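Visitor: Please show me the model, and then I will ask about a few places in it.

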Amino acid sequence: MAVKMELFKRKEIRKVVGLMSGTSVDGIDAALVEITGDPYDGKVNLLEFENKPFPEEIRAKIFDLFDTGHAAVDKVGYMNVLLGELYAQAAVSVVKKAGLEMAEIDCIGSHGQTIYHHPQICREDGYPIRYTVQIGEGAVIANRTGIPCVSDFRVADMAAGGQGAPLVPFTEYLLYRSDSKTILLQNIGGIGNITVLPADCGAGEVYAFDTGPGNMIIDGLMSRFTGGKKKMDEGGRIAAGGKIHTSLLKELCSHDYFNEKPPKSTGRELFGDTYINRLYDTIHDYNISLEDAMATVTDFTAWAIEDSYQRYILPHHPADQLLIGGGGSYNGILVDRIRKRLNQYNVEVLLQEDLGFNSDAKEAIAFALLADCTMQGRCNTIPSVTGANRPVVMGKISL
């Protein structure tokens, strides 16, 4: 390993594949990037991007693992290796699409699939335990591709007292910081998360946290209303035909999570199936239509972003721009709601594409950059973001 690490460090130009599958479990995002120079201040060029949707039967099995009552160790172990196979195929596919050979690739960075995340301290046995589970075996990816794979990033930060999330702010600092503007980066996947880059900031001044639900509740309710026939409100078209139910919106906004101060992170443990099933029952009790329900929960996601800005960012760093990325950026009604809510604070709301970036590829690119740092033995966390007591080198290397 030492020899391979030294060879990697000496390379001025590295080609790295980043792999990502998020809380929405839509599929595997694979980004092939070329990194030139120092990992902290180099040039990053996206060479190719591809999304590989999960087969429906595998997606259903992954969702079963989100329920701790179904996540038996044999099922977790099986899916860990199966996802390793699928991630490996995604890496090979994006390299082939770029017209390159695997021998030209220097490493792979794989986030894996989160099936459980518990960032809060548990002292059941006297130790301050935080824990998280990402599956998609890195050893399988390395073996099938013949390329070193960096995986299981979050646990190193949690061992240092952090929440193991969010991780992308480190790479956002590398790619998006500005000398003159305070930039907010809002990712909207299953969960929404925001990164704050104050004007002319150093890495230690960056902070970030999860704003709350992103697409998770919108998608979950669509699935419940349609018996699984529709997985999302494409473009926000159904929400566009409804009206916001003010009583329900007020109830949604009263969740305790929004009163927690950053750093904080969340996931399906708070806003997953149990929450969505309870909400679905409430909607029926209120006799709310599909259209009005979609309008309400879409505005709820926008409200969570505004509330996060108003309470935890505006008092310290009034922002110039908010850049939206992730799957939620394709929901035009959601983007319009966010824009209306943020414009009153004189914040310009843009999409990643407005600045020449790729919303779909953003997080996969991030894990390519994180892996590049890992392979060079360079710290790739921001303790002020995760709450850790020191910077660490995240990721386990499989050769």
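Visitor: Leaving aside neighbours within four places in sequence, which residues is Thr282 in contact with?
Guide: This is a predicted model, in which local features need pLDDT of at least 70, side-chain atom pairs count only at pLDDT 80 or more, and totals for chains, interfaces and linings use all residues. Residues are numbered from 1 along each chain as its sequence is written, and side-chain values use heavy atoms, with hydrogens and water left out. Contact means heavy atoms within 4.5 Å. With the neighbours within four places set aside, the partners of Thr282 are Leu248 and Glu251.

Visitor: Is Thr282 buried or exposed?
Guide: Thr282 is found in helix α11 (residues 273-286); helices (H or I, at least four residues) and strands (E, at least two) are DSSP runs, numbered from the N terminus. Buried means under 20% relative accessible area, exposed over 50%, and partly exposed in between (1.4 Å probe, protein chains only). Thr282 has a relative accessible area of 17%, so Thr282 is buried.

Visitor: Which strands stand at the edges of the open sheet of 5 strands?
Guide: Two strands pair if DSSP finds at least two bridges between them. The order is β10-β9-β8-β11-β12, with mixed pairing. One side of each edge strand has no neighbour in the sheet, because each has a single partner strand; these are β10 (207-213) and β12 (348-351).

Visitor: Which helix packs on this sheet?
Guide: Within the sheet, β8 (residues 183-188) and β11 (residues 321-325) run parallel and are joined by 5 bridges, and Leu185 stands opposite Leu323 in β11. The packing helix touches β8, β10 and β11, and its direction makes about 150° with that of β10. Axes are lines fitted to C-alpha atoms, for helices over the stretch in contact, and angles run from 0 to 180 degrees between N-to-C directions. The helix is α12 (residues 290-312).

Visitor: Which residue takes a positive phi in the hairpin of β5 and β6?
Guide: Strands β5 (residues 113-122) and β6 (residues 129-135) run antiparallel, joined by 6 bridges. His117 stands opposite Thr132 in β6. The hairpin has 6 residues between the strands, and the positive phi, near 95°, belongs to Gly126.

Visitor: How many nonpolar residues are in the lining of the largest cavity?
Guide: The lining includes Pro166, Phe170, Asn380 and Met394, and α6 (168-176) and α15 (383-386) each supply at least two of its residues. Ala, Val, Leu, Ile, Met, Phe, Trp, Tyr, Cys and Pro count as nonpolar, Asp, Glu, Lys and Arg as charged, and the others, Gly among them, as polar. On a 1 Å grid over the protein atoms alone, a cavity is a set of points where a 1.4 Å probe fits but cannot get out, and lining residues have an atom within 4 Å of a point. The lining has no charged residues, 3 polar and, as asked, nonpolar residues numbering 7.

Conventions
1 Å grid on protein atoms, 1.4 Å probe; cavity = no way out; pocket = protein on both sides within 12 Å on 5 of 7 lines; lining within 4 Å.
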